[in-house]
Amino acid sequence: MSLSKQKLKKLLNLEGKQHDSFAALRFRDYRLFTIGRVVLFTGSQMQTVAIGWELYERTNSAMVLGGVGLAQVVPMIALTLIAGHVADRRDRKLTTLLSILLLAFCSLALAVVSYTQGAISLFYTCLVFSGVARAFLKPASDAMMWQLIPTSAFTNAATWNSTSFQLATVIGPALGGFAIAAFGNATSVYILAAVAAFLCFALTLPIKQQNTTLSKEPISLKALAGGAEFVWKNQIILAAITLDMFAVLLGGAVALLPIFAKDILHVGPVELGYLQAAPSIGALIMAVTLAHLPPMRKAGPALLWSVVGFGVVTIIFGLSRWFWLSLLMLALSGALDSISVVIRHTLVQIRTPNHLRGRVAAINSVFISASNELGGFESGLAAALFGPIVSVVGGGIGTILVVVATAMIWPEMRKLGALHEYE
């Protein structure tokens, strides 16, 4: 009996040691990659604040502001298939480095246009080229990143990826606003964003070249569409991507926050800043928490329930008239969204063969970009037609209905177990 107890104790100790909260970060190249990504994302968030501030300051036009996102997302959508094919066929590290350089030069160009008070069309030109850089950067860097760690660390890496992004989302806008106030103009912010891109380039450069088999398919319509074909054939991945897309499309309340702050909650710009930061803070806390918890044993139900929760807190936010309750609901929405992001990213990467990762990452990226942009448009249109409260509450209800439909159309999602057990 004592021997059995000793064996059981050893087994439990072994199981406890298997979970390492910093598993992915113990790999040098992944650390360099992640630090570089945080720096680049932070600079990008600073630049986004500066662009919005300067363009509205110069034009006082909401339409001009709306064009900022459109100018960047159109090239990303248009180049999706080509960028994914390049990521699978060419040197991923080289593509990543060239894309980062293009982002740096675009930021420097924005600084020149800002300093000389150039035409608004020149701003849009720089933004279009930034969109081109991001179109190639996303699939190449995502595909390269998963080569830097073993499959057993994928879930842990996904949590740290989410953490780094949310950290930049929280820090970047604050630093951008502080820089504008300190220097009195947006020009300095563009220069800082360029410096951040060059730092990311310097951190990515020492990453070792990975020995991997790239796609040898000649460029063709079939090869370009390989990522879309793979996603369509792998229904569990399609279910996860579709669920996330419709949750963002229907359940996003962020685009309407200025209306809620001013007309419903009756608060000022400081409180609006808190509301805008709340989802990222919630997501950051959840991502760090997930990194320190053992891998989820029932990933499918966790994904479905997290999106249901996202819909519920969106409904409560839409009905709330109390600032602190609204703030809490936004933070919870970010936390619940972080769970679905980690599960989806891990699932996609574990189940995608290396030679298709670039194209699948491109498809995934365009789903996210399109849903973010279209989600803001859908929220604004619904608010114009039915009012902001009906828009947000209806979006939350729609999100829950999408979860029900997903669970019925793809019943295998309800049975999806621990992701780290899949090879």
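A crossing of two helices is left-handed if the near helix is turned anticlockwise from the far one by less than a right angle, and right-handed if clockwise. This is a predicted model, in which local features need pLDDT of at least 70 and side-chain atom pairs count only at pLDDT 80 or more, while totals for chains, interfaces and linings use all residues. Residues are numbered from 1 along each chain as its sequence is written, and side-chain values use heavy atoms, with hydrogens and water left out.

**Stop 1: α2 and α5**

Select residues 28-59, helix α2, and residues 92-115, helix α5. Helices (H or I, at least four residues) and strands (E, at least two) are DSSP runs, numbered from the N terminus. The crossing of this pair, α2 with α5, is left-handed. The axes of α2 and α5 are 12 Å apart, and the packing angle is about 25 degrees. Axes here are lines fitted to C-alpha atoms, for helices over the stretch in contact, and angles run from 0 to 180 degrees between N-to-C directions. The angle therefore makes α2 roughly parallel to α5; the classes are roughly parallel under 35 degrees, roughly antiparallel over 145, roughly perpendicular from 65 to 115, and oblique for the rest.

Now show the side chains of the contact (heavy atoms within 4.5 Å). On α2 pick Leu-40, Gln-47, Ile-51 and Glu-54; on α5 pick Ile-100, Leu-103, Ser-107, Leu-110 and Ser-114. By class, the contact of α2 with α5 has five nonpolar residues, three polar and one charged. Nonpolar covers Ala, Val, Leu, Ile, Met, Phe, Trp, Tyr, Cys and Pro; charged covers Asp, Glu, Lys and Arg; the others, Gly among them, count as polar.

**Stop 2: α4 and α6**

Select residues 80-89 for helix α4 and residues 120-145 for helix α6, whose axes lie 8 Å apart at an angle of about 40 degrees. That angle makes α4 oblique to α6. The crossing of α4 and α6 is right-handed. Ile-82, Ala-83, Gly-84, Val-86 and Ala-87 of α4 meet Ala-135, Phe-136, Pro-139 and Ala-140 of α6. The contact of α4 with α6 counts eight nonpolar residues, one polar and no charged ones.

**Stop 3: Val-189**

Go to Val-189 in helix α8, residues 187-204. Is Val-189 buried or exposed? Val-189 is buried, at 0% relative accessibility; buried means under 20% relative accessible area, exposed over 50%, and partly exposed in between (1.4 Å probe, protein chains only). Leaving out residues up to four places away in sequence, Val-189 touches Met-46, Gln-47, Ala-50, Gly-176, Ala-179 and Ile-180. Draw a C-alpha to C-alpha distance from Val-189 to Thr-48: the two are 9.5 Å apart in space and 141 residues apart in sequence.

**Stop 4**

Ser-326 sits in helix α15, residues 323-351, and is buried, with a relative accessible area of 1%. Beyond residues up to four places away in sequence, Ser-326 touches Leu-265, Leu-275, Phe-317 and Ser-320.

Next pick His-266, in the loop between α12 (257-264) and α13 (269-291). His-266 is exposed, with a relative accessible area of 61%. Its phi is near 55 degrees, a positive value in a residue other than glycine.

**Stop 5: Gln-117**

Select Gln-117, in the loop between α5 and α6. Gln-117 is not a glycine, yet has a positive phi of about 55 degrees.

**Stop 6: the whole chain**

Of its 423 residues, 52% count as buried.
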